[in-house]
Amino acid sequence: MAFGALGGRGVTPGRLYDADGWLRARIGSQPVGLQRLSRHLARRGVTGVTDTSHHNGPDELAGFAAAIARGELLQALRMMGDARLDGAASLPGVQVGEHKFHLHEHDLPPFDELCAAIARSHQRGRAAAFHCVTRTDLVYALQALRAAGVIKGDRIEHASITPPELLDELRDLQLTVVTQPGFISERGDAYLREVDDDDQLWLYRLRAFADAGVAFAGSTDAPYTDPDPWRAMHAAVSRTTVTGQVIGAAESLTPEQALALFLDHADAPGRQRRGIAIGGSADLCLLTQSWAQLRRDLAAAQVRLTLGRGAVIWQAD
């Protein structure tokens, strides 16, 4: 784990970076209650979620399944995690997802070890997902996947900075990108101050993926951004920061394309669901506005009813 440099007396300066395990080992932890968040998501029409934490293992799998069984978590869940979940069976309401690799350009894992870990998960039929928020992260992940081999379902999380040459590699390797347009809205002003000018051109791209034939989908990345998917859709259209600056206007999507970002299958992002089939389980929300009204401002969506796996999980008074 990387964390703030320790002082001469073993005292941290007060800022910890990705030191969850280090801190947990010292002060312990308690499972977080999911009821309030789950109902908030249901009120916004969300019927399924993916937990992308890289340290998830069997205990977290069992914990999420228990939360669903007692009605605390209303959404269907796909859960990524570490190598301990290779070969693990899904549980009711919880689908075992990809092996998540959380890269940090200042502390990258040994290349051969990373490739071996990818190959082991692939041999168990489990795809890999890479956290890539810098150009270096993305280069390293792509080279590791090229060396280890790619299987269906391998994906890149964020792809925060994707210059043209890496866009071509994503297409050639047939990888899927799951990105977060909400970061442009919520953190865009900081990006304009802190991100290199050359890299600002390639921040949280959207239309470029579509034009290049790269499969891509959207997420909110809550709790790091607002969990409301409609706000993320609005950001995908406007590309506007809090202060009104526009970042990457050429990457803007139409309202229809922005909506499609959040209509994919959890186990196949980039492959949009095509309506409701007779005999299928209903996962949908009904809105109070017509599409003609809503497409002018996706953040203004008002949900009347949400159905998850055929059951009402929220409805307006």
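1. Rings of Phe, Tyr and Trp (its six-membered ring) pair if their centres lie within 6.5 Å; planes under 30 degrees apart count as stacked, over 60 as edge-to-face and the rest as tilted. Ring pairs of this kind join Phe-183, Tyr-191 and Tyr-204 into a cluster.

2. The model is predicted: local features need pLDDT of at least 70, side-chain atom pairs count only at pLDDT 80 or more, and totals for chains, interfaces and linings use all residues. Residues are numbered from 1 along each chain as its sequence is written, and side-chain values use heavy atoms, with hydrogens and water left out.

3. Across the whole structure, a search finds five aromatic pairs. Phe-111 and Tyr-140 form an edge-to-face pair, because their ring centres are 5.6 Å apart and their planes stand at 80°. This pair links distant parts of the chain, 29 residues apart: Phe-111 in helix H4 (residues 111-123) and Tyr-140 in helix H5 (residues 135-148). Helices (H or I, at least four residues) and strands (E, at least two) are DSSP runs, numbered from the N terminus.

4. Tyr-140 is buried, at 18% relative accessible area, whereas Phe-111 is partly exposed at 30%. Buried means under 20% relative accessible area, exposed over 50%, and partly exposed in between (1.4 Å probe, protein chains only).

5. Leu-203 lies in the loop between helix H8 (197-200) and helix H9 (207-212) and is buried at 3% relative accessibility. Leaving aside neighbours within four places in sequence, Leu-203 is in contact (heavy atoms within 4.5 Å) with residues including Tyr-191, Arg-239 and Ile-247.

6. Glu-157, in strand E5 (residues 155-158), is buried as well, at 5% relative accessibility.
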